Amino acid sequence: AVVLTGTQHSEATRTLLRKSQARVVEVWNLADKPIDMNVGFSNREAAVAVTTYLIRSGRKRIAMVCGPRSVNDRARDRHAGFVAAMNAHKMPVDLFEEVSDQAGVHLVGPLVDALVKKDPCMDAIFCSGDAYAMAAAFHCRRRGWDVPKRLAIAGIGDAPMAALMSPALTTAQVPGAEMGVKAAEMLVAAFEGHAP
């Protein structure tokens, strides 16, 4: 059995997994055509909710720092949700930076600086994940910028460290443990002959 994070895989990977006859559960996103089984949530709708929260809290110039969309389906869907929410409120989506490396939390600080340079009136950043959001918050602290008064920062994931920050990071809770349990239950059911 294999549990895969995300639903974006090369055709060669899909073919290999199908030929292996291993049971596969894709997690952390919803798949239109899963390899085998899928348990996830709408990353797009989560991003819509976080962006809408920032808008309703009175933020006027909201930016996004996003993971690499070409290799990460969750980042791509979260970007789409950000754009949808901004468009729905007739707000510009011109403040956007993309991290060039999935493990690139060290790249977030320069991206925050680039966004502030584009628009010094920027007052919020939505980050496609909590690791990026925490990196942005730490960078703002080093710059002496008050978070959240000068710059509100929000993420997705509800990482344990997010609650330990001061103030706590604004983030969307993701049922990661529940998805893991459900994936395991699906695999057990499949092994017992009760799953599709």
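1. A nonpolar core is a set of buried Ala, Val, Leu, Ile, Met, Phe, Trp, Tyr and Cys residues joined through side-chain atoms within 4.5 Å. In this predicted model, the largest such core holds 30 residues. Val25, Val39, Leu54, Ile62, Phe126 and Ile156 have the most contacts inside it.

2. The strands giving two or more residues to it are β2 (24–27), β3 (37–39), β4 (62–66), β6 (124–127) and β7 (152–157). The helices that do so are α2 (43–56), α3 (73–88) and α7 (176–191).

3. Isoleucine 62 deserves a separate entry. Leaving aside residues up to four places away in sequence, Ile62 touches Thr51, Leu54, Ile55, Phe82, Met86, Met91, Leu95, Asp123 and Ala124.

4. An open sheet is formed by three strands in the order β1-β2-β3, with parallel pairing. Its edge strands, β1 (2–5) and β3, each pair on one side only. Direction ignored, neighbouring strands of this sheet are turned by 25 degrees against each other on average.

5. Four bridges join β1 and β2 in the parallel sense. For threonine 5, the bridge partner in β2 is valine 27.

6. Helix α7 lies across β1, β2 and β3 and runs at about 155 degrees to β3.

Definitions and conventions:
Residues numbered from 1 in each chain as written. Predicted model: local features only at pLDDT ≥ 70, side-chain atom pairs only at ≥ 80, totals over all residues. Heavy atoms only, no water. Buried < 20%, exposed > 50% of the residue type's maximum accessible area, 1.4 Å probe, protein only. Contact = heavy atoms within 4.5 Å. Pairing = 2+ DSSP bridges. Axes fitted to C-alpha atoms, helices over the stretch in contact; angles between N-to-C directions.
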